[in-house]
Amino acid sequence: MIDAEVRIRTSTGSRRVALRTYLDAAAEELAHEAAYRWIKGLRNLPVDGAPFRARFTIRDDSLWWFTEIYLHKEQVILDIYRALAALQTLVARERPLDMRVTSDSPVVRHLGPLVAASHGIGGDARISAAVWWTRLARLDLRARALTLSARLAADRYRGTPGPRGDTTVAAFIHRAFWRAGGDDGSAESYIGPILDALEQRAGAQRVGLVGVGPSTNFRTARRRTPSRSEPGSVTPVERFAPPGALRASQAVWRRRHANFRTLTHAPSLRAAAVIQGIDCWPLIREQLAGVAWLQWPWSVRAMDEAAAALDALRPAAVLTYAEAGGWGRALVLEARRRSIPSIGAQHGFIYRHWLNYRHEPDEMEPGLTPPFPRPTRTLVFDRYAASHLRERGHFPAEAVEVTGSARLDELRRDVEALEPEDTRQFRRQLELHEGDAVVLITTKEKEARAVLGGFMDAASAVPGAVVVIKPHPAETADAYADVLRDRPGIRIAPPGLSLAALLSIARAVVTVNSTVALDAAVFDIPALVIGLPNNLSPFVDAGALAGSPDPAEVTALLNRILYDEQFRQQLAERRRAVLGDRADRGNGRAAAAAADAVLALAHKGHPRVAGSG
């Protein structure tokens with residue numbers, strides 16, 4: 001991120017400014033698209049006599065598919081475009097005589113002096129070459145430490161070989177996050193019901209669960225154990241892969257420094273590091289080191305382990321909910337190599353800027369290397385996700401199937417189970433009067449911080465509107481202390497009030513990026529999107545959600561969404577056109593439909609598989 005402070009000196013004096021304030025929503029949007037184009041553009045640049053996509057391969061498959069993930073995930077390229085846009089705006093608006101970065105952001109500390117110099121403005125000295133080489137040395141040490149840690153962790157699992165034999169479906173899940181349910185949007189609340197439905201149809205013994213990734217969630221430092229069945233039902237993938245199965249990844253590890261030299265000696269990559277006339281090479285070189293030292297050895301290790309598991313289990317089909325990420329791509333590559341049908345199950349909102357789901361036409365076609373590792377079938381929640389994959393991901397129509405969201409099924413069941421007395425109790429708990437129109441805010445405070453106070457002030461001008469905030473599961477009510485200090489009428493929903501309870505009393509939902517705005521459509525609750533443009537912009541553009549990038553229009557929009565029945569009906573019609581009929585979404589059939597789709601593919605490849613259809 002570019003949350004950096006810059007000390008500027010102008011003709012009127014000196015002061016500190018936050019660089020982020022010089023990046024408006026439109027510039028943020030342009031930065032995302034520019035970063036996407038830059039990353040994708042590397043695949044065809046010549047590196048050591050071949051296009052990047054064809055230069056680095058394992059078993060004839062390209063390592064480019066893992067390269068782009070690393071560059072996208074690290075967000076350094078995105079931050080370069082963000083910082084350049086913000087710095088250029090700062091210079092144009094403030095006309096500083098001198099500007100110096102006062103916080104420790106490598107991207108801004110590198111770009112600040114260069115942008116200043118390009119305008120003839122005084123500024124910091126550039127980061128020295130010694131500092132950059134020290135950063136690379138630390139990255140190398142990190143790569144060594146992570147590799148050693150992975151080897152030690154794997155040794156704990158390899159004492160007992162994994163199961164062998166024919167399996168109808170092999171489901172690959174992340175063991176740190178595995179649990180059956182939850183209302184926090186975790187992947188398990190989507191995949192768990194699908195696996196239950198598969199076991200009911202094919203038999204539990206025919207569904208193999210393979211655990212990948214670390215056993216600890218690094219964000220929460222908690223270890224989770226399977227809750228949907230007895231402990232030990234998830235077999236760690238390492239049990240299938242003795243050291244001899246990891247020869248390819250070991251070779252990539254040994255070649256990591258040679259690969260880095262090849263990358264850094266490519267004139268095309270050196271030229272690409274000059275962005276908008278500013279030389280960003282030290283930043284790009286560090287990213288290339290991460291690709292060669294961290295991403296590629298890890299990715300090929302995942303390929304080796306996936307290959308060993310597939311050879312042991314011999315499944316008729318492979319299922320995962322992380323098909324677009326690093327492990328998922330490794331799995332799909334190895335399944336494709338063995339002509340095993342692979343299925344990816346959507347497990348959350350597919351963000352429009354998410355490079356993982358955006359592909360160019362040539363990436364889907366075989367060239368010097370096989371095409372992108374697209375699953376045989378991707379199961380999605382609704383029409384929007386399906387159209388996104390077809391239009392922005394260039395998936396063929398037959399590769400995408402709408403089966404619904406199991407989590408939305410559960411939410412709908414919870415809402416419909418509530419009695420009138422329950423909703424009256426919820427309103428009393430929030431101290432609401434009979435005529436109050438509840439405006440439910442569901443968003444991360446961090447994402448909404450810049451616009452939340454302005455929205456609440458606008459809402460206070462709408463008669464009868466009462467704002468109720470449901471804190472995000474990753475935040476607490478304390479996050480809203482500042483914005484609530486001078487706004488005593490705002491309610492914070494206590495932790496005991498579930499999303500189902502709050503939706504049962506809501507007249508409208510307001511958010512920046514939360515998919516609750518889409519889930520609420522099942523209950524005919526319209527949504528207002530603030531902080532545009534953002535991930536929900538396509539739905540606003542399509543007329544399915546209300547919203548405007550102009551804060552001055554928020555009061556009028558909120559008034560209409562609460563009290564203008566014709567406007568509410570118009571939004572409902574557009575929601576149905578974009579997402580599908582609400583009778584079909586959250587209809588209780590998502591898990592069953594997904595399981596049927598998985599077994600149909602398994603049956604197609606192996607006609608003797610039972611339980612399909």
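These legends describe close-up views of a predicted model.

**View 1. Strand S21 and its parallel neighbour S20.**
Strand S21 covers residues 465-471. Six of its seven residues are buried, so the strand is mostly covered, with buried meaning under 20% relative accessible area. Strand S20, residues 437-443, runs parallel to S21. Seven bridges join the two.

**View 2. The β-α-β unit around helix H16.**
Helix H16 spans residues 445-459. Together with S20 and S21, H16 makes a β-α-β unit. The unit is right-handed.

**View 3. Strand S21 and strand S22.**
S22 consists of residues 491-492. S21 and S22 pair in the parallel sense. Two bridges connect them. Ile469 stands opposite Ile492 of S22. In a regular strand, side chains alternate between the two faces of the sheet.

**View 4. The Phe52–Trp64 ring pair.**
Twelve aromatic pairs turn up in a search of the whole structure. Among them is the pair of Phe52 and Trp64. Phe52 belongs to helix H2 (residues 52-55) and Trp64 to helix H3 (residues 64-74), so the pair ties together parts twelve residues apart in sequence. Phe52 has a relative accessible area of 1% and is buried. Trp64 is also buried, at 0%.

**View 5. The Phe349–Tyr351 ring pair.**
The centres of the Phe349 and Tyr351 rings are 5.3 Å apart. Their planes stand at 80°, so this pair is edge-to-face, a class that takes angles over 60 degrees. Tyr351 is partly exposed, at 32%.

**View 6. The aromatic cluster.**
Phe349 and Tyr351 belong to a cluster linked by ring pairs. Trp354, Tyr357, Tyr384 and Phe539 are members too.

**View 7. Arginines over aromatic faces.**
Arg55 lies over the face of Phe56. The distance to the ring centre is 4.8 Å. Arg285 lies over the face of Trp133. Here the distance to the ring centre is 4.5 Å.

Methods. Residues numbered from 1 in each chain as written. Predicted model: local features only at pLDDT ≥ 70, side-chain atom pairs only at ≥ 80, totals over all residues. Heavy atoms only, no water. Buried < 20%, exposed > 50% of the residue type's maximum accessible area, 1.4 Å probe, protein only. Helix = DSSP H or I, 4+ residues; strand = E, 2+ residues; numbered from the N terminus. Pairing = 2+ DSSP bridges. Right-handed = clockwise from strand over helix to strand, strands pointing away. Phe/Tyr/Trp six-rings, centres within 6.5 Å; stacked < 30°, edge-to-face > 60°. Lys NZ or Arg CZ within 6 Å of the ring centre and 35° of its normal.
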